[in-house]
Amino acid sequence: MIYFKDIIGLIFPNKCPVCGELSGKDGICLGCRNELDGKYYPHTIWAESFGKYIYRGISLFPYDEDDVKKMLFSVKMRGNRSAVSYFSSKAADGIMLSKELLSCDVITFVTRRKSAERENGYDQGKLYTDELSRLTGIKNLTLLKRKIFRISKEQKGLSKSEREENVKGAFYVSGDVKGKRILLFDDVVTTGASTGECARVLLESGAKRVYVLCIASKL
């Protein structure tokens, strides 16, 4: 029996978000998948911006690799589900191997600026954490919101100190976090300014401990 999705697949075949070649139902070609697999290494990260707010930070891939950047961009700008699925699977592997991360009560994410979310129609953090929750069984909640009247610029191009000032007071907690261990997801951690500020407001709202998990980091 031929299904509608099979017909769509013939009309609009999947192309690998890294090399652009036809990639079949998995969405990422075998060659690029193997290359990415070889760059996967969960490791601890730290930044001054984290301050005393983050108990532990973990990154999965090096940020300076072109294929990693292309995958991240395909999610950020096009919501590429194949890239979300691949990265989320790797993140879930890292979580399942860590008693600390697996013991977290809630997964949440660093929310995008409202203008970016409106432009693309989604927040990539939600795409990732929905899939992570499904794979790990950890509850996924949108706990962090951007203050409507607190206008912040895009972080790209700003210095470390400018980034910290730009996000200061930009977030608030929506939900009960008292006594909870929070796994805070961000796709890319550059200086740690946004993640550090989110962790600060989570702890000040009563969270017991905040861990950070990111796909890639410059730290």
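Helix H3 passes helix H4 in a left-handed crossing; left-handed means that the near helix is turned anticlockwise from the far one by less than a right angle. Helices (H or I, at least four residues) and strands (E, at least two) are DSSP runs, numbered from the N terminus. This is a predicted model, in which local features need pLDDT of at least 70, side-chain atom pairs count only at pLDDT 80 or more, and totals for chains, interfaces and linings use all residues. Residues are numbered from 1 along each chain as its sequence is written, and side-chain values use heavy atoms, with hydrogens and water left out.

**The whole chain**

- The protein chain has 9 helices and 8 strands.
- Of its 219 residues, 49% count as buried. Buried means under 20% relative accessible area, with a 1.4 Å probe and protein chains only.
- Take the contacts between residues at least 6 apart in sequence: 72% of them join residues at least 24 apart. Contact means heavy atoms within 4.5 Å.

**Helices H3 and H4**

- H3 covers residues 66-78 and H4 covers residues 81-96. They pack at an angle of about 120°, and their axes are 8 Å apart.
- Axes are lines fitted to C-alpha atoms, for helices over the stretch in contact, and angles run from 0 to 180 degrees between N-to-C directions.
- H3 and H4 are therefore oblique to each other. Oblique is what remains after angles under 35 degrees (roughly parallel), over 145 (roughly antiparallel) and 65 to 115 (roughly perpendicular).
- On the H3 side, Val-68, Met-71, Leu-72, Ser-74 and Val-75 make the contact. They meet Ala-83, Val-84, Tyr-86 and Phe-87 in H4.
- By class, this contact has 8 nonpolar residues, 1 polar and no charged ones. Ala, Val, Leu, Ile, Met, Phe, Trp, Tyr, Cys and Pro count as nonpolar, Asp, Glu, Lys and Arg as charged, and the others, Gly among them, as polar.

**Aromatic pairs**

- The structure holds 7 aromatic pairs. Rings of Phe, Tyr and Trp (its six-membered ring) pair if their centres lie within 6.5 Å; planes under 30 degrees apart count as stacked, over 60 as edge-to-face and the rest as tilted.
- One of them joins Tyr-40 and Phe-61. This pair is tilted, at 5.6 Å centre to centre and 50° between the planes.
- The pair links distant parts of the chain, 21 residues apart. Tyr-40 is in the loop between helix H2 (30-37) and strand E1 (43-45), and Phe-61 is in strand E2 (residues 56-62).
- Phe-61 is buried, at 0% relative accessibility.
- Trp-46 and Phe-50 form an edge-to-face pair, 5.6 Å centre to centre with 90° between the planes. Phe-50 is buried too, with a relative accessible area of 0%.
- Tyr-40, Phe-61, Tyr-86 and Phe-87 form one aromatic cluster.

- Lys-90 is in helix H4. This lysine is buried, with a relative accessible area of 15%. Leaving aside neighbours within four places in sequence, Lys-90 is in contact with Asp-37, Tyr-40, Leu-60 and Phe-61.
- Asp-186 is in strand E7 (residues 181-189). Its relative accessible area is 11%, so Asp-186 is buried. Beyond neighbours within four places in sequence, its contacts are Val-110, Thr-195, Leu-213, Cys-214 and Ile-215.
- Thr-195 is in helix H9 (residues 193-204). At 1% relative accessibility, Thr-195 is buried. Its contacts beyond four places in sequence include Phe-50, Val-110 and Asp-186.

Note on methods
Buried means under 20% relative accessible area, exposed over 50%, partly exposed in between (1.4 Å probe, protein chains only).
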